[in-house]
Amino acid sequence: MTNSASLSLSRRAAAELVGTAALLVVVIGSGIQAAALTSDTGVALVANSLASAIGLGLIITLFGPLSGAHLNPVVTLTAWWGRRAGGEGLEGREALVYVAAQTAGAIGGAVLAEAMFGRVPGAFSTQVRDGGHLLVGEVVATAGLVLVIQGLGRIGRTKLIPAAVAAYIAAAIWFTSSGSFANPAGTIGRSFSDSFTGIAPQSLPGFVAAQLVGGILGLVLAGLLYGGTRRAAASTADNASTAATESTPTTESTTAPVGPVAETSAPGPAFQAVG
């Protein structure tokens with residue numbers, strides 16, 4: 001969303017840790033509250049999905065200028081891959097630090113949410129989530145998330161990412177069989193909460209693997225639909241140059257050729273790893 005590379009890695013990692021912790025507090029806390037207020041699973045899911053989407057959008061808006069607000073190892077890995085492919089993104093060391101911060105933040109946020117509601121913090125979830133159909137749901141959920149972020153980044157619409165990601169997650173919670181965890185760090189964190197939104201530790205390997213597969217699929221789809229990072233940036237610059245040229249007034253009395261408009265109106269890189 002902004003160029004946060006000028007900030008120190010420690011500050012960016014701190015933002016990822018606090019942001020991911022806040023996200024888990026919102027997701028788990030709203031789930032605990034919803035389950036306590038109603039026995040209707042559908043009503044509880046409506047409350048949880050709305051609170052999660054609103055919280056996620058606010059967190060991305062708040063922490064985006066600091067670290068890019070990845071909050072998710074899959075998003076971080078796509079940023080690392082974007083750099084390798086010639087676009088903007090993270091170096092390997094930065095990606096590792098981000099993932100570690102996200103995972104620690106997710107666990108901390110889960111423990112905080114449990115303590116906030118007077119529950120025993122650190123108790124593992126007993127909600128076993130297994131079955132191939134749930135893993136397919138996670139692949140779909142994560143692929144869609146990556147496609148939303150990558151697609152908007154590659155067409156230069158990064159300002160829409162907070163609202164778009166929040167809206168996508170709210171929808172994916174309902175249209176996927178798994179409930180759209182779509183976040184390895186968040187999934188690990190939610191195993192520390194035996195609540196409405198929890199997941200048993202034995203279900204983690206399958207979910208995390210499915211999320212990684214979904215991340216790769218989302219990258220492939222973004223490449224097929226929008227082109228590579230360099231190509232997408234060049235295409236956006238060409239479109240901006242063409243539009244500027246067409247809007248430049250010309251008259252018959254003009255004797256000197258018009259200079260290249262692209263040199264004065266070329267936009268910045270269209271692709272940013274997280275927006």
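Which residues form a nonpolar patch on the surface? The patch consists of I155, I216, L217, V220, L221, L224, L225 and Y226, which together have about 740 Å² of accessible area. Patches are built from residues with over 30% relative accessible area and no salt bridge; like charges are joined within 9 Å, and nonpolar side chains (Val, Leu, Ile, Met, Phe, Trp, Tyr) within 5 Å. Accessible areas follow the Shrake-Rupley method with a 1.4 Å probe, and for residues only the protein chains shown count as cover. L221 counts as partly exposed because its relative accessibility is 31%, where buried means under 20% relative accessible area, exposed over 50%, and partly exposed in between (1.4 Å probe, protein chains only).

The model is predicted: local features need pLDDT of at least 70 and side-chain atom pairs count only at pLDDT 80 or more, whereas totals for chains, interfaces and linings use all residues. Residues are numbered from 1 along each chain as its sequence is written, and side-chain values use heavy atoms, with hydrogens and water left out.

Confidence is expressed as pLDDT, the predictor's confidence in each residue, from 0 to 100. The protein has a mean pLDDT of 86, and 81% of its residues reach 70 or more. Confidence is highest in helix α7 (residues 184-190), at 98, and lowest in helix α10 (residues 262-265), at a mean of 34. Over residues 240-275 pLDDT stays under 50, and for this stretch the model has 43 contacts beyond four places in sequence, a contact being heavy atoms within 4.5 Å. Where pLDDT is low, the predicted coordinates should not be read in detail.

Charged pairs come next. Side chains of opposite charge can pair when their charged atoms come close. The structure holds three salt bridges, each defined as a side-chain nitrogen of Lys or Arg within 4 Å of a carboxyl oxygen of Asp or Glu. In one of them, E94 and R12 meet at 3.0 Å, N to O. This pair links distant parts of the chain, with E94 in helix α4 (residues 92-116) and R12 in helix α1 (residues 9-37), 82 residues apart. E94 counts as buried because its relative accessibility is 13%, and R12 is buried with a relative accessible area of 5%.

R83 forms a salt bridge with E91, and their closest N and O atoms are 3.2 Å apart. R83 is partly exposed, at 40% relative accessible area, and E91 counts as partly exposed at 42%. E114 and R119 meet in a salt bridge of 3.1 Å, N to O. Here E114 is buried, at 2% relative accessibility, whereas R119 is partly exposed, at 29%.

The structure also holds four aromatic pairs. Rings of Phe, Tyr and Trp (its six-membered ring) pair if their centres lie within 6.5 Å; planes under 30 degrees apart count as stacked, over 60 as edge-to-face and the rest as tilted. The rings of Y168 and F175 have centres 6.0 Å apart and planes at 75°, so this pair is edge-to-face. Y168 is buried, with a relative accessible area of 13%, whereas F175 is partly exposed, at 48%.

Conventions: Helix = DSSP H or I, 4+ residues; strand = E, 2+ residues; numbered from the N terminus.
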